[in-house]
Amino acid sequence: QMVVCTHEKMLKVVSLPLGALRLAELRPLGDPPAPAAVATVTRQVRRMIGDEIAAIAAFAPQRAYGSSGSIHALAHVLRHLEGGSPLRHVNGRLLERKGLERALHALEAMSLAERLRLPGIDAPRAEILVPGAIVLVQALRALDLAALTISDFGVREGLLADYVARHAR
């Protein structure tokens, strides 16, 4: 899901069937991922986000925030690949697109067993990390955004805040 907003209001909401788990199930990449399969999924993601991303790009977004488990996992992977110490928390951390592209390239060359050995990656996440990274990188490219800021808050917190705002007296 992607949401475009100002400080005051929501302008556009886009929901696409591009979850990492869904992509992994629909288009298995192999172990390690086969370059042809990665290219196919990348093309499919680009095609599926095309019109919706164009609608979002029309708002000329200045910042992106991300709150999925895959985004959190990619922050841990990128930190590891850069030789940094393990992350204690990711909220507010900036993930640069170039770093994510490097992480994706590294992940594409790893087997599942190798991804499982990465810090902060559990078995279910290791299986879907490559498709998740593909979606994130393609979205940032299409929006011409250099980075995103990680948020620990997600859809559930947003729904709760919305409910309280509408129903509190």
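Which residues of H2 are buried?

1. Ala37, Val38, Val41, Thr42, Gln44, Val45, Ile49, Ile53 and Ile56 are the buried ones in H2 (buried is under 20% relative accessible area, exposed over 50%, partly exposed in between, with a 1.4 Å probe and protein chains only). Helices are DSSP runs of H or I with at least four residues, strands are E runs of at least two, and both are numbered from the N terminus.

2. Before going on, a caveat: this is a predicted model, where local features need pLDDT of at least 70, side-chain atom pairs count only at pLDDT 80 or more, and totals for chains, interfaces and linings use all residues. Residues are numbered from 1 along each chain as its sequence is written, and side-chain values use heavy atoms, leaving out hydrogens and water.

3. Back to H2: its buried residues pack against E1, strand E2 (10-14), helix H1 (20-26), H4 and H6 (contact means heavy atoms within 4.5 Å). There is also a bend of about 50° at Gly50, taken as the angle between axes fitted to the seven residues ending there and the seven starting there.

4. The largest nonpolar core has 43 residues, and Val45, Leu95, Leu107 and Leu148 touch the most other members. Such a core is a set of buried Ala, Val, Leu, Ile, Met, Phe, Trp, Tyr and Cys residues joined through side-chain atoms within 4.5 Å. H6 gives the most to this core, 10 residues.

5. Val45 deserves a look of its own: leaving aside residues up to four places away in sequence, Val45 touches Leu18, Leu23, Ile134, Val135 and Gln138.

6. Over in strand E1 (residues 2-5) sits Val3, which counts as partly exposed because its relative accessibility is 48%.
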